[in-house]
Amino acid sequence: MDQSDSAQDLLRCRLCDAPVPPLWCHLCNVYLCKSCAGEHMLDTSTQHEVIPVEQTMSKPFYPTCKKHLRKKCELYCKQCTNPICVQCISSQEHPGHEFMDLSEVVNRKKEKLKKSLQGLVSTTLPKYKEIASKIPNQKSYLRQTSDGLKTAIDDHGQKLHKKVDTIVNKLKSEVDQKVENQVLSLQEEEINQKISSIEEYIYNQKELQASRDLGLIIEHKSRHEEFKNVPSSHDVTLPTFCAYEINTDQLLAQFGSFSDETRSSIRPYKIAQKYGELYDNEWTDAFETLTSSGRYTEEQSIQILLECMQGGICGTRPQSVSPQAEEMLYQMIKSQKMSGVALMTMFQMTDKCKAVLKKVQQYTAKCLEVCLLMNMWDPPLAIGSSPAKRSVFDSTIYKEFWKRGNTVDFVVWLPLYMHKNGSLLHKGVVQPL
């Protein structure tokens, strides 16, 4: 019978093909029935080791030597980095080399693989999943923004004669193409395929950790380096539509076009990025400044900084942002110079925010910058309301501050939305109980 025909052949006697043989030759790696075991042992050219099949469950499988086929590799040559058998040593093929017990080498490699696997599970895979989790919202943003662009084009196009219809359709087609290009650039399929590959690799690694096949473990080639280079999260943008006054002599130029020099720094997802960077950077520095002064507790400092952010929103929301103010802000951002005092004069702020400005000017200036950017959109971006104390902690909207829990103690940072009741752009932070 062909030994490769079925997996059941592994449970047949090598000599007579009897099913469910009770014995196994450790040296030859074959199953034997009781009748054939004696005949197998008569081969005196090799020191056979026939044992009951039950004992094989605890016995490691040593790889067969590639040069001495009837010998098992129980040693490891450090210079050649290969498993070897005792005959390899006696044949003087490894003069002056150092040898180790193969099982010790395997144990060390398994421990190294275990640590590397932990990093893959705890760091690399979550990063891929975080990128994948952002893609649906980014696609939603692209389509929502494209709808706004099309509406602006339609509204302006209605003021023109029928002969501008071809221009309208052409520009709308360009919007669709730009959106499609952005959707394709998100590489959703590639990211999900990579996640599937990592999850499959993790599953195989766990099986390898439990394997008793030392040769299989020695021959294993790690793919951890392949997965380490996690791509950065892709920011998506769409241009604004610039509407001009109608001039029939220059219809195409007067109708408008998509500006190539878009102010990407004031796009919703860019604003959300600035909002997150404000918490990660300026907020952290301001928090340390306030708490180290000895005048405020940690919770008081958090509340003051949160009120500064909310004050910036309230200060900018009552009035629309004038073109002059927008241009001033844009030039400040472009030159990377932001004066908190200069911006403070543009809006009404609470006395507490003004007092804190003297201590944490960078944080307050950044708050005003982000708040002004939020209100440049119609409808403006919106921060969420504070959840009630002891309400259920919602991990889909908030992250934990420094300890875990199931209910809310106090709010550290509020979430940011596309608009009121819109999709979530950036998670908030709470301290759970």
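Which residues in α9 meet which residues in α14? In this predicted model, local features require pLDDT of at least 70 and side-chain atom pairs count only at pLDDT 80 or more, whereas totals for chains, interfaces and linings use all residues. Residues are numbered from 1 along each chain as its sequence is written, and side-chain values use heavy atoms, with hydrogens and water left out.

On the α9 side, the residues in contact (heavy atoms within 4.5 Å) are Ile 271, Lys 274, Tyr 275, Leu 278, Glu 282, Trp 283 and Ala 286. They meet Gln 362, Tyr 363, Lys 366, Cys 367, Glu 369, Val 370, Leu 373 and Met 374 in α14. By class, this contact of α9 with α14 comprises ten nonpolar, one polar and four charged residues; Ala, Val, Leu, Ile, Met, Phe, Trp, Tyr, Cys and Pro count as nonpolar, Asp, Glu, Lys and Arg as charged, and the others, Gly among them, as polar.

Two packed helices are described by the angle between their axes and the distance between the axes. Helix α9 (residues 268–292) packs against helix α14 (residues 361–374) at an angle of about 165°, and the axes are 9 Å apart. Axes are lines fitted to C-alpha atoms, for helices over the stretch in contact, and angles run from 0 to 180 degrees between N-to-C directions. The angle therefore makes α9 roughly antiparallel to α14 (over 145 degrees). The crossing of the two helices is left-handed, the near helix being turned anticlockwise from the far one by less than a right angle.

Helices (H or I, at least four residues) and strands (E, at least two) are DSSP runs, numbered from the N terminus. An open sheet of three strands has the order β2-β1-β3 with antiparallel pairing, where pairing requires at least two DSSP bridges between two strands. Its edge strands, β2 (30–32) and β3 (50–52), each pair on one side only. Strand β1 (residues 23–25) pairs with β3 over three bridges, and Cys 25 stands opposite Val 50 in β3. Helix α1 (residues 34–41) lies across β1, β2 and β3 and runs at about 120° to β2.

Strand β4 (residues 75–77) and β5 are joined by three bridges, with Tyr 76 opposite Pro 83 in β5.

The unreviewed UniProt entry annotates residues 8–53 and 65–102 as "domain: B box-type". Residues 65–102 are 16% helix and 24% strand, and the end C-alpha atoms of this span lie 12 Å apart.

Notes
Parallel < 35°, antiparallel > 145°, perpendicular 65-115°, else oblique. UniProt positions renumbered as here; feature names shortened; annotations may be inferred.
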